[in-house]
Amino acid sequence: MDQRVHVPIDDPNADTEWNDILRKHGVIPEKPPSPTPIIEEALREAINQAHEKRLEGKDLDELDELEDEEDEAFLARYRKQRVAELSSITQASIYNQVYPLQKPDYARDVTEASHNAYVLVHLTSSLGTNVESELLTELWRDLARKFGEIKFCEMRADLCIEGYPERNTPTILIYRNGDIQKQLVTLRELGGQSTKLEDLQRLLVDVGAVKDNDYRVSRSKANEPASKNLRGGTATTSVDDDDDDWD
C-alpha cells in the first residue's frame, strides 16, 4: 500500500519556487489570476469615460467659454449635439403648462393622451392646509415649463375619486400608453415637505419620461444624494372605480 507523504506547505498562495514545484506536480492548485489587472483596466476605462463626457450637461454659452481650454473639433461636436437636443426638445414641447382636469374628460385628456406622451396627474388636496399638496402645485408649474414634452395635469382628488382620503394627498399618477406606470401616495418617497424640483426630476428619469443624460437634469444631479429607485410595476388603481376601499 502506498503511503501518503506529508508535504510541508506554508502558504499555498505565496509566489515561491517551492510552491511552483508543488503546482507543477498537482500537489496544490494553480494560483487564481490576480484581479489587479482587471481592476486597473476598469479604472482606466472609467477615467477615459469621465474625460469623454466632461462636457455633458453644459449649455451653448458654457461651451463657448471653453474655447481656449478644449479641442476645437471636440467642442464643435458637442455644440452640434447640444443644438440637435435643443431642436428636438423644442419640437416636442407642446404642453408647457399645467392642465386642469374634469372627470368627464379624464379618459381623453389623460388615458388617451398618454399614447402620445407621458402624462403626470397631481391629485390635490381639497384643503388649504395640506403643505405637501401646495408645494407640489408650485413644483408642478416649474416642471411643466421645463419639460414641455410631458403633459402635467391637476385635479382635486375627491372630485376624481369619490371618497378618496385626504390623508393620501397629494397623489401622483404617471401614465404612459394608456396605463398607470407609477403612483406615489403623498410626497414621502420624494422628501415630504422638503421635496425639491431635483427630486421630481429624478422621478422623471426613473420612470423613463426623461433621459438620464438630458442636459436639463444633468447639472441638477451634481452633489445630490442617490434616491431610492422609484421605477415600479404597473399600478392597478382605477380612477373610475368609486367603490374601492381606500382605507
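Reader: Where is the place of Pro170?
Author: Pro170 sits in the loop between α7 (157-160) and β4. Helices (H or I, at least four residues) and strands (E, at least two) are DSSP runs, numbered from the N terminus. This is a predicted model in which local features need pLDDT of at least 70, side-chain atom pairs count only at pLDDT 80 or more, and totals for chains, interfaces and linings use all residues. Residues are numbered from 1 along each chain as its sequence is written, and side-chain values use heavy atoms, leaving out hydrogens and water.

Reader: What makes the peptide bond from Thr169 to Pro170 cis?
Author: Its omega is near 0°. Most peptide bonds are trans, and most residues other than glycine have a negative phi.

Reader: Which value goes against that for Asn96?
Author: The phi of Asn96 is positive, at about 60°, although Asn96 is not a glycine. Asn96 lies in the loop between α4 (72-92) and β1.

Reader: Why is Asn96 called partly exposed?
Author: Buried means under 20% relative accessible area, exposed over 50%, and partly exposed in between (1.4 Å probe, protein chains only). Asn96 has 35%, so it is partly exposed.

Reader: And Thr186, buried or exposed?
Author: Thr186 has 13% relative accessibility, so it counts as buried. Thr186 also has a positive phi, of about 70°, without being a glycine, and is found in the loop between β5 and α8.

Reader: What makes β4 and β5 a pair?
Author: Two strands pair if DSSP finds at least two bridges between them. Strand β4 and strand β5 (residues 179-185) have six, in the antiparallel sense, so they pair. Thr171 stands opposite Val185 in β5. The two strands form a hairpin with two residues between them, and Asn177 in the turn has a positive phi of about 55°.

Reader: How many bridges join β2 to β4?
Author: Five bridges join strand β2 (residues 119-124) to β4, and the two run antiparallel. Leu120 has Ile174 in β4 as its bridge partner.

Reader: Why is β4 called mostly covered?
Author: Five of the six residues of β4 (residues 171-176) are buried.

Reader: Ser114 is in a loop; how do you know whether it is buried or exposed?
Author: Ser114 has a relative accessible area of 0%, so it is buried. The loop is the one between α5 (106-112) and β2. Contact means heavy atoms within 4.5 Å. Leaving aside neighbours within four places in sequence, Ser114 is in contact with Val119, Tyr175, Arg176, Asn177, Gly178 and Asp179.

Reader: What makes Ser114 and Thr111 a polar contact?
Author: A polar contact is a pair of N or O atoms within 3.5 Å; within protein, one must be able to donate a hydrogen and the other to accept it, and residues adjacent in sequence count only if both atoms are side-chain atoms. A polar atom of the Ser114 side chain lies 2.6 Å from the backbone oxygen of Thr111, so the distance is within the cut-off.

Reader: How long is helix α6 against its expected span?
Author: The expected span is 1.5 Å times one less than the number of residues. Helix α6 (residues 131-146) has 16 residues and reaches 23 Å from its first C-alpha to its last, close to the 22 Å expected. Its buried residues include Leu136, Leu139, Trp140 and Leu143. Among the elements covering the buried residues of α6 are β3 (151-156) and α8 (197-207).
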